[in-house]
Amino acid sequence: MAYINENYLNLNKNYLFAKISEEKQKYIKNNHEKKLIDLSIGDVTLPLTDSAIKGIHIASSNLSKKETFTGYPPSSGHDFLKKEIIKNDYLKRNISIDNNELFIGDSSKSDISNILDIFDKNLTVALQDPVYPVYVDSNIIRGNKIIYINDIKTFLPQKEHIDIIYLCFPNNPTGAIISKELLKKYVDYAIENDTIIFFDSAYEAFIQDKNTVHSIYEIENAKKVAVEFRSFSKTAGFTSIRLAYTIVPNAIMLHSKSNKNISLNSMFKRLKDTKYNGPSYISEYAIYNVYESDKLNELQKNINYYLRNTTLLAEFFKSKGMIDVSSINSPYVWIKCKDNINSWDFFYYMLNNFSIIGTPGIGFGANGEGHFRLTGFGTYEDTIEAINRMDKKL
Ligand code: PLP
């Protein structure tokens, strides 16, 4: 008989978004006449940009001809795209990334979870709370010890050794950014304490504030300790066609029990070569054409659309005293529930009074209790209508 990894039994059975979807379907079934506005979604709604679609057409035409047909890509992606990513996302910010430090793949979610395969079991990891649930679940599956960061400003230093610190900025779910000064403290701590930082910047493209970083490598010496995850899901609206990349600097060293130093980069390459066959050529070509034809402004136009929705929501909740934000740097609005009610009660309050769906903060961790997440990924019209509905009673 085959035995399971018992850690799977420790996962939370009620997957947050499954429960929200169930409640949504129930509501729709019982309230045919009311238009439901779903602002819980963490998914893009605008179509792909013209240059991305053109890239897909070029790629499919290339695949249709013998002379330009291509099969399996290299496991870390094609050089034609690597060159553009390094030039546009890093060199323009005076960061140099070697070709072999960049791994293009289908998804940040899978890279963030699967990179743990390289590490010893029973690590101690530090996660922000509230937190993107994937970090929690992937560490539970491996049986790692999780320490929660309640306040990012006061968390360091710790008595206990931390193997990996996960930082997500701009943050999902809160939308918070981190100052350069504070991030430097984390990098310095990681260097001094033999800790690795996993820096998830899935929402980098939404940054408006100048006093934060687009890449952790803007911080001196970060290449010694930090892995950076970036996704085209929200940046380019690629949630359907999938594409992401991970930077694993050559300088990061891990230890083996026989006291050897082994580079994380070489281990990650081994992992990719073993478990993946590289990203889809069509997805790669789609974003390549955006970079190559200098059409990043088309992506920015879509991001600005979501940012406008997010700003409208944020300003509304600020006027109600339920939020205190000075700038918007993500598609998320993180509010305090009315009258200090708990976040599931507030979910039903919003649903039953305004036919609006959001995400209960408790789903992102204990510190999310009493909070609620709404997103700017809806349409502009729905966002305005949602505000008008709430304005009457909230
Ligand atoms: N990281 C964060 C913080 C996210 O919110 C998401 C998606 O919601 C991802 C990663 C997933 O990225 P991908 O779509 O590339 O798997």
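Predicted model: local features only at pLDDT ≥ 70, side-chain atom pairs only at ≥ 80, totals over all residues.
**Ligand site**

The ligand sits in the second largest pocket. Around the ligand there are 15 residues, and those that come nearest are Ser107, Asp200, Tyr203, Ser231 and Ser233. By class, this shell is made up of 6 nonpolar, 5 polar and 4 charged residues. Two helices, helix 4 (108–114) and helix 7 (232–235), each contribute at least two residues to the shell.

| Residue | Protein atom | Ligand atom | Distance |
|---|---|---|---|
| Ser108 | backbone N or O | oxygen | 2.9 Å |
| Lys234 | side-chain N or O | oxygen | 3.0 Å |
| Arg242 | polar side-chain atom | oxygen | 3.2 Å |

On its own the ligand has 390 Å² of accessible area, and the protein covers 90% of this. Ser108 takes part through its backbone, whereas Lys234 and Arg242 take part through their side chains.

**Largest pocket**

The ligand is in the second largest pocket; the largest one has a volume of about 890 Å³. Its lining consists of 35 residues, of which Thr174, Gly175, Ala176, Ile177 and Trp334 are the closest to the centre of the pocket. Strand 11 (residues 332–336) gives the most to this lining, supplying 5 residues. In terms of class, the lining of the largest pocket comprises 17 nonpolar, 13 polar and 5 charged residues.

The largest cavity has a volume of about 70 Å³. The residues lining the largest cavity are Val44, Leu46, Thr49, Lys234, Thr235, Ala236, Gly237, Leu299, Asn302, Ile303 and Tyr306. Helix 7 and helix 10 (296–319) are the elements that give two or more residues to this lining. Helix 10 provides the largest share, 4 residues. By class, the lining of the largest cavity has 6 nonpolar, 4 polar and 1 charged residues.

Conventions: Residues numbered from 1 in each chain as written. Heavy atoms only, no water. Near = heavy atom within 4 Å. Polar contact = N/O pair within 3.5 Å; in protein donor to acceptor, adjacent residues only side chain to side chain. Areas by Shrake-Rupley, 256 points an atom, 1.4 Å probe, with all protein chains shown as cover. 1 Å grid on protein atoms, 1.4 Å probe; cavity = no way out; pocket = protein on both sides within 12 Å on 5 of 7 lines; lining within 4 Å. Sits in = over half its atoms within 2 Å of the grid points. Nonpolar A, V, L, I, M, F, W, Y, C, P; charged D, E, K, R; others polar. Points joined across faces, edges and corners; volume = space filled by probe spheres on them.
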